[in-house]
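Student: I would be grateful for a close look at one part of this structure, namely a pair of packed helices and the core beside them. Please set it in the context of the chain as a whole.

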Amino acid sequence: MICQNCGAQVKEGNRFCEMCGAPVQPVQPVQPVQPVQPVQPIQPIQPVQQAKPINSNPQPIKPLIIDRPPFSNFCIAGLITAIFQIGILGLIFGIIGLKECSSKGKRGMAMGIIAIILSIADVALWIVVLCIFGYALIYDAMG
Ligand SMILES: [Zn+2]
C-alpha cells in the first residue's frame, strides 16, 4: 500500500503511515466503485436512442400517403356532368362513383352525392319543363 499523504510505502495491515502518521484508510477501494455506478445511469439513455430510429418520421409518412385512397373518377365525372347539366349521365356516374367509394374505399363520396342530387334536381326540372311544355302543346291542340 502507498500512503495517500506522503506517498511512502506502508506495510500491509498497518492502519497508519510509519513516515507521516496519516491514517491509511481501506476506504480507498470503495471510492473507485462509486464512480462506476454513475456510469450506469447512462445506459437508460441508450433505449431512448434506440427508440428514435423507430420514431424516425420519414418512414411512417410514406405509407400514410400510399394508404390514402385515390378519388373515384366516376364521382368526379358525375359531378362535372351534373354541373354541366347532362342530367342522367351525372346521376349514373354519381351512383357508380358511390358504389366504387364503398366497395373499393375510394374518396369522393361527397362529390358523388352532390352529383346525384344535382342530377335528380336537373332531371326533375326537365320533367317539370316538359310537362308544362306538353300541357301547353295539348292545350293549343285542343284549341
Ligand atoms: Zn505517510
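Tutor: In this predicted model, the chain holds 6 helices and 0 strands, so that the order of elements from the N terminus reads α-α-α-α-α-α. Of its 143 residues, 18% are buried. Among contacts with a separation of 6 or more, 45% join residues 24 or more positions apart.

The pair to examine is α5, residues 88-104, and α6, residues 109-142. Their axes lie 8 Å apart and form an angle of about 155°. Because angles over 145 degrees count as roughly antiparallel, α5 and α6 are therefore described as roughly antiparallel to each other. The crossing of α5 past α6 is left-handed. On the α5 side, the contact is made by Ile88, Gly90, Leu91, Phe93, Gly94, Ile95, Gly97, Leu98 and Cys101. Helix α6 contributes Met109, Gly112, Ile113, Ala115, Ile116, Leu118, Ser119, Ile120 and Val123. By class, these contact residues comprise 13 nonpolar, 5 polar and no charged.

The largest nonpolar core has 13 residues, and those touching the most other members are Phe74, Cys75, Leu79, Ala82, Phe93, Met111 and Ala115. Helices α4 (73-83), α5 and α6 each give two or more residues to this core, with α4 supplying the largest share, 5 residues.

Leaving aside residues up to four places away in sequence, Cys75 touches Gly94, Gly97, Cys101, Gly108, Met109, Met111, Gly112 and Ala115. Several of these partners also belong to the contact between α5 and α6, including Gly94, Gly97 and Cys101 of α5 and Met109, Gly112 and Ala115 of α6.

Methods:
Residues are numbered from 1 along each chain as its sequence is written. This is a predicted model: local features need pLDDT of at least 70, side-chain atom pairs count only at pLDDT 80 or more; totals for chains, interfaces and linings use all residues. Axes are lines fitted to C-alpha atoms, for helices over the stretch in contact, and angles run from 0 to 180 degrees between N-to-C directions. Helices (H or I, at least four residues) and strands (E, at least two) are DSSP runs, numbered from the N terminus. Angles under 35 degrees count as roughly parallel, over 145 as roughly antiparallel, 65 to 115 as roughly perpendicular and the rest as oblique. A crossing is left-handed if the near helix is turned anticlockwise from the far one by less than a right angle, and right-handed if clockwise. Two residues are in contact if their C-beta atoms, placed from the backbone, lie within 7 Å. Ala, Val, Leu, Ile, Met, Phe, Trp, Tyr, Cys and Pro count as nonpolar, Asp, Glu, Lys and Arg as charged, and the others, Gly among them, as polar. A nonpolar core is a set of buried Ala, Val, Leu, Ile, Met, Phe, Trp, Tyr and Cys residues joined through C-beta atoms within 7 Å. A residue is buried if 20 or more other C-beta atoms lie within 10 Å of its own, exposed if 12 or fewer, and partly exposed in between; C-beta atoms are placed from the backbone.
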